[in-house]
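Here is a walk through one protein chain for someone meeting it for the first time. Have a look at the structure, then read on.

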Amino acid sequence: MDFRYDVIVVGAGHAGCEAASAAARMGSRTLLITMDMNKIAQMSCNPAVGGIAKGQIVREIDALGGQMAIVTDRSAIQFRMLNQSKGPAMWSPRSQSDRKRFIEEWIKVLSGTDNLQIWQDIVTSLIIKDNKVCGVRTMLGIEMQAQAVVLTNGTFLNGLMHCGKTQIPGGRTSEPASHGLTEQLVGLGFRSDRMKTGTPARIDARSIHFDQMVRQDGDDTWHQFSYLPSVRRGLKQMPCWITYTNPHTHDTLRAGLQDSPLFNGQIQSIGPRYCPSIETKIVTFADKDAHQLFLEPEGVDSNEYYVNGFSSSLPWQVQLAGLKTVKGLEDVVLYRPGYAIEYDFFDPTQLHHTLETKLIGNLFFAGQINGTTGYEEAAGQGLVAGVNAHIRVHGGSEFTMSRDESYIGVLIDDLVNKGVDEPYRMFTSRAEYRILLRQDNADERLTERSYQIGLADADRYNTLRQKQAVCSDFIGFLQNTTIHKNQIDTWLEQIGSTPLHEGCKIADLILRPQVGLKKLAEVLPELKEKMADISDECIESCEIQIKYAGYIKRERMEADKLQRLDQIRIPDTFDYTDIQSLSTEARQKLSRIRPKSIGEAQRIPGVSPNDVSVLLVLMGR
């Protein structure tokens with residue numbers, strides 16, 4: 001062991017695991033440094049992956065050749081496709097995972113990855129020469145050399161946990177904080193701030209009265225996260241349970257607010273708007289008599305349950321008293337109380353779209369260090385950072401994705417151009433081109449690009465090509481096969497659809513909202529026979545492509561128009577300070593963020609359409 005590597009990844013959370021896996025699989029000699037090898041890819045908060053927009057990110061990670069979807073499918077104990085009552089642009093997969101199995105599956109992935117080594121230690125500083133990173137120093141006093149470093153420190157940078165008035169230095173329960181890196185980076189000119197997040201109590205299933213709650217089972221469908229047919233969900237499927245707080249709960253919690261770190265001034269940092277603590281809910285929504293709680297199992301062999309919706313930093317006695325007022329939790333027993341945690345992050349406008357820092361060459365940031373929240377957002381960033389770290393070492397064109405190409409592209413573009421004033425969480429509403437960025441077509445959008453740069457392997461690429469060939473043949477069948485009027489008029493009347501005036505193609509008929517391919521196959525033997533040898537995934541994809549073809553075409557045209565602005569480059573040395581025709585705010589933000597194109601410039605808050613017009617004139621366009 002000579003401690004010389006191409007890429008060093010600091011932190012083995014969701015960002016770090018994807019970054020290290022990607023860099024190593026592309027051929028870089030990679031080191032992953034973690035303070036605890038038994039908690040690799042720990043699900044620090046809820047034991048679930050995916051959800052609204054987050055599920056799309058996980059499918060994109062899989063399409064690119066990342067590992068999160070595979071690990072999730074192999075550790076899944078409940079799968080649901082959310083928003084199926086809406087259009088396919090809003091469908092989002094979500095899975096409960098066995099927390100222990102999730103870690104075990106990630107360890108299998110990393111242990112089986114060539115070029116990848118793991119070291120248990122804590123990084124205390126970076127080694128920097130000539131304004132480029134060239135290694136790290138650890139708590140054990142070891143200097144490790146690398147041509148590129150990816151920092152994925154999660155909540156560990158100067159982490160401080162709060163439970164009532166009790167404050168414990170740490171990045172996660174029972175794990176120490178990381179000190180030294182923030183101070184060094186700030187000394188180098190980086191802008192840093194503090195954020196806050198939290199987690200609820202974990203409770204013992206043997207103390208829960210499930211018969212007083214509403215059972216919520218998963219979907220009994222073929223859906224999963226990974227596009228690979230060799231990956232399957234195989235664990236026992238488990239239900240979640242729904243219950244509600246009540247006025248008694250709120251009164252109990254309200255009585256303890258004077259000891260809440262969120263309300264007594266103990267915590268000053270920025271918290272998540274979209275995942276508030278229970279004490280924030282009862283204050284912000286004081287008119288509500290009840291808040292929904294989901295009880296989520298932690299694993300098939302565990303009695304531990306996660307109380308989703310009851311995140312709290314109140315004293316443990318207040319948390320326990322409040323939970324005991326909830327229906328079904330009257331006799332609840334805690335494994336551990338909830339807590340809040342404050343940690344350092346860095347303004348992400350200090351990054352390029354590759355996630356390399358602008359101040360120090362070959363240094364990359366990914367995950368919560370950039371002000372994001374969520375496993376999925378972190379993993380997507382980690383993959384992009386790992387790929388670009390490898391490219392930095394071995395050469396090649398930088399790897400970035402546009403806003404019309406992926407949710408990961410939207411995420412990174414938002415971070416780099418807009419920054420964050422609260423923990424960033426992905427929503428479908430953040431994407432302008434949702435119908436293009438569906439969960440069903442991430443492989444068609446991204447796999448070939450990833451294969452060209454050497455991340456997605458030949459098996460994954462061939463799987464895509466086979467799917468495309470089958471879909472193309474099936475769509476041709478639907479567009480060329482005629483249905484005669486007397487074949488289905490009775491059936492159309494039964495489902496409330498208008499009878500045919502004359503014969504039509506199958507593709508024309510499924511444009512109707514009441515008509516789906518699987519239902520139609522029940523009355524059309526030739527369609528049923530054709531579909532017998534086609535996977536459910538291909539059938540669903542083809543139906544979406546035909547049903548929404550007009551919307552897809554229109555959105556593609558809109559995206560192409562705006563993409564032209566991204567092709568107009570702004571020189572790195574361009575000086576905005578003396579251009580009086582730009583607004584003062586625009587001059588300040590453009591000078592600080594230094595966008596690479598007119599398209600990036602127009603997405604910076606405070607840069608007006610008039611400022612964009614001025615830039616177009618200055619660029620000679």
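Let's start with Phe225, which counts as buried at 0% relative accessibility. Keep in mind that this is a predicted model. Phe225 has a ring partner, Phe79, and the two sit edge-to-face, 5.6 Å centre to centre with 75° between the planes. Phe79 is buried too, with a relative accessible area of 1%.

Is Tyr274 buried or partly exposed? Tyr274 has a relative accessible area of 42%, so it goes down as partly exposed. Elsewhere, ring pairs join Phe190, Phe346 and Phe365 into a cluster.

Rings meet charges here as well. Arg59 lies over the face of Tyr227, 3.9 Å from the ring centre, and Arg430 does likewise with Tyr424, at 4.2 Å.

**Salt bridges**

How many salt bridges are there? The count comes to 42.

| Pair | N to O distance |
|---|---|
| Arg137 and Glu143 | 3.0 Å |
| Arg603 and Asp413 | 2.5 Å |
| Lys485 and Asp489 | 2.7 Å |

Take Arg603 and Asp413, whose side chains meet in a salt bridge. The pair links distant parts of the chain, 190 residues apart, with Arg603 in the loop between helix 20 (598–602) and helix 21 (609–618) and Asp413 in helix 10 (residues 407–418). Arg603 has 17% relative accessibility, and because the cut-off for buried is under 20%, Arg603 counts as buried. Asp413 is buried as well, with a relative accessible area of 3%.

Lys485 is partly exposed, with a relative accessible area of 35%, whereas Asp489 is buried at 11%. Salt bridges can also share partners, and that joins Arg403, Asp413, Asp414, Lys418, Glu432, Asp566 and Arg603 into one network.

As for Arg137, from the table, its relative accessibility of 32% makes it partly exposed.

In soluble globular proteins, nonpolar side chains tend to be buried together. The largest nonpolar core in this model has 93 residues, and Ile8, Val149, Leu151 and Leu363 have the most contacts inside it. Helix 9 (residues 375–394) gives the most to this core, with 10 residues. A second, separate core has 27 residues, among them Leu478, Ile506, Leu509 and Leu520.

Which residues does Val149 touch, leaving aside neighbours within four places in sequence? Val149 is in contact with Ile8, Val10, Leu126, Val133, Gly135, Val136, Asn362, Leu363 and Phe364.

**Some covered helices**

Helix 1 (residues 14–25) has 12 residues and reaches 17 Å from its first C-alpha to its last, close to the expected 16 Å. This helix is mostly covered, with 11 of its 12 residues buried; among them are His14, Cys17, Glu18 and Ser21. Just after helix 1 comes Gly27, which takes a positive phi of about 120°.

Helix 3 (residues 68–75) has seven of its eight residues buried, so it is largely enclosed by the rest of the structure. Met68, Ile70, Thr72 and Asp73 are among its buried residues.

Finally, look at Thr447 in helix 11 (residues 442–453). At 1% relative accessibility, Thr447 counts as buried. Beyond its neighbours within four places in sequence, Thr447 is in contact with Ala63, Ala442, Ala456, Arg460, Tyr461 and Leu464.

How values were computed. Residues are numbered from 1 along each chain as its sequence is written. This is a predicted model: local features need pLDDT of at least 70, side-chain atom pairs count only at pLDDT 80 or more; totals for chains, interfaces and linings use all residues. Side-chain values use heavy atoms; hydrogens and water are left out. Helices (H or I, at least four residues) and strands (E, at least two) are DSSP runs, numbered from the N terminus. Buried means under 20% relative accessible area, exposed over 50%, partly exposed in between (1.4 Å probe, protein chains only). Contact means heavy atoms within 4.5 Å. The expected span of a helix is 1.5 Å times one less than its number of residues. A nonpolar core is a set of buried Ala, Val, Leu, Ile, Met, Phe, Trp, Tyr and Cys residues joined through side-chain atoms within 4.5 Å. A salt bridge is a side-chain nitrogen of Lys or Arg within 4 Å of a carboxyl oxygen of Asp or Glu. Rings of Phe, Tyr and Trp (its six-membered ring) pair if their centres lie within 6.5 Å; planes under 30 degrees apart count as stacked, over 60 as edge-to-face and the rest as tilted. A charge sits over a ring if NZ of Lys or CZ of Arg is within 6 Å of the ring centre and within 35 degrees of the ring normal.
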